[in-house]
Amino acid sequence: MFKSAYLNDLMDRVIKRNANEPEFHQAVREVLESLEPVLEKHPEYVESGVVERLVEPERIIKFRVPWVNDEGKVVINRGFRIQFNSAIGPYKGGLRFHPSVYEGIIKFLGFEQTFKNSLTGLPIGGGKGGSDFDPHGKSDAEVMRFCQSFMTELYKYIGKDEDVPAGDIGVGGREIGYLYGQYKRITGLYEGVLTGKGLTYGGSLARKEATGFGLCYFTDAMLKDAGQSFKGKRVVISGSGNVAIYANQKATELGGKVIAMSDSNGFVVDEDGIDLNAVKLIKEVRRGRIKEYVETHPKAVYTEGCSGIWNVKCDIALPCATQNEINEASAKALVANGVTAVAEGANMPSTPEAVAVFKAAKVLFAPAKASNAGGVATSALEMTQNSERLSWTFEEVDAKLKTIMENIYMNASKTAKEYGLDGDLVAGANIAGFLKVADAMYAQGLV
Ligand code: NDP
């Protein structure tokens, strides 16, 4: 329940209009909760319908994706692109290929993306897309045929100044390559229509590392502000995909010891510190399972089931797998084991109940839309390099990423203070992200 009747009514309408989409309801509710004090100060945003427009995507594109598997059988998947908000720039946000994808997941991600992109300080609007296609266990040829079919529909709606997709769960360098090839073939355009591209055809150095590195730069800024650091800390990271791997690398460089990682089947604990090269070999080269880690590291322990990772004693937890992976019980276990900081690498990995547990225990908490914005920020840097027809060095991009993440931390922290919510980075990020988009929407009139 909100204090404001207007917000209660709006939330009710969001639930009715987007029935059976609980992830979207959860994301909207969390933002609206933070906006109560802002709307008291800015009644013009209510009067001009800015908030109502913000919770309604500008456009939802939904399509059939037919393809043929290696047995010659026709398979039909569903494709989505939700162009959420273009007030401050072209739609920008990743594509997710995972069997759990449906309209509600893409809607929640697109909504979050709008605020995240605003926080980067760069001119990018919010969008998200994907499919219920599962790349696990598919041959390269099957993935290519699927990507070509997906792009044969999607190309009509995207463009370098219109909508620029990138990767997300299940969409890495291989998938972006196939998607880009098909876009170029159909349109005849060699343009920066996708980010996360390979380095030989317009990709940016440091994009692959950006979300994980950015998460650690943000976490480091948050820790420093509280008189702490990564040095000597036990770190637990869920997932072993793109975000998790590069979060591990940077957390280790900053002095932390990563002792556990996972995938959707289970988790490994290595008290000597996870050997990241072994994880890269299993996940990036062989596309294998995390349990294979113990074959070469016999002192490490593998446990089936992914949520048990939150029972591993740590100082810093970096959830980098998927939404709602930390529930109330997991949050309580982390707190009981003395966690001092939780920073979200995945999108919305903590349930609202888990966030309340962290808040009550005064755990430093970094919300995803601020702490994992480094990926999209670097995607925007890739767009700039594509427009300039230039490539920056790894060091240049990494330095820009670090500055952007530190600025996002300062902006969220300062905004929270301004609203009398010192230390509440959830509110600070939501409000700061909202104000820029709301101001642009208000200035552009009723569109
Ligand atoms: P990847 O596909 O590279 O890796 C995802 C990892 O999470 C895998 O280890 C996967 O295990 C695990 N995982 C997926 N679903 C589940 C589940 N239901 N339960 C437990 N583990 C699961 O994806 P990314 O690393 O790119 O994305 C991870 C998160 O970060 C997502 O929430 C994404 O939205 C977010 N994010 C990603 C960005 C990027 O630049 N890539 C940018 C900002 C946010 P398995 O292999 O077994 O499926």
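Me: Is Leu 276 buried or exposed, and what is its relative accessible area?

Reply: Buried means under 20% relative accessible area, exposed over 50%, and partly exposed in between, with a 1.4 Å probe and protein chains only. Leu 276 has a relative accessible area of 13%, so it is buried. Please note that this is a predicted model, in which local features need pLDDT of at least 70, side-chain atom pairs count only at pLDDT 80 or more, and totals for chains, interfaces and linings use all residues. Residues are numbered from 1 along each chain as its sequence is written, and side-chain values use heavy atoms, with hydrogens and water left out.

Me: Where is Leu 276 found, and with which residues is Leu 276 in contact, leaving aside neighbours within four places in sequence?

Reply: Helices (H or I, at least four residues) and strands (E, at least two) are DSSP runs, numbered from the N terminus. Leu 276 belongs to helix 10 (residues 276–285). Contact means heavy atoms within 4.5 Å. Beyond its neighbours within four places in sequence, Leu 276 is in contact with Ile 245, Asn 248 and Gln 249.

Me: Is Gly 227 buried or exposed?

Reply: Gly 227 is exposed, because its relative accessible area is 69%. Gly 227 lies in the loop between helix 8 and strand 6 (234–238).

Me: How is the packing of two helices described?

Reply: Two packed helices are described by the angle between their axes and the distance between the axes. Axes are lines fitted to C-alpha atoms, for helices over the stretch in contact, and angles run from 0 to 180 degrees between N-to-C directions. Angles under 35 degrees count as roughly parallel, over 145 as roughly antiparallel, 65 to 115 as roughly perpendicular and the rest as oblique. The axes of helix 1 (residues 5–17) and helix 2 (residues 22–41) cross at roughly 165° and come within 11 Å. Helix 1 and helix 2 are therefore roughly antiparallel to each other. Among the residues that meet are Leu 7 and Leu 10 in helix 1, and Val 28 and Leu 32 in helix 2.

Me: At what angle do helix 8 and helix 16 pack?

Reply: Helix 8 and helix 16 (residues 394–418) pack at about 45°, their axes being 9 Å apart. These two helices, helix 8 and helix 16, are therefore oblique to each other. The contact includes Phe 213 and Tyr 217 of helix 8, and Leu 401 and Met 405 of helix 16.
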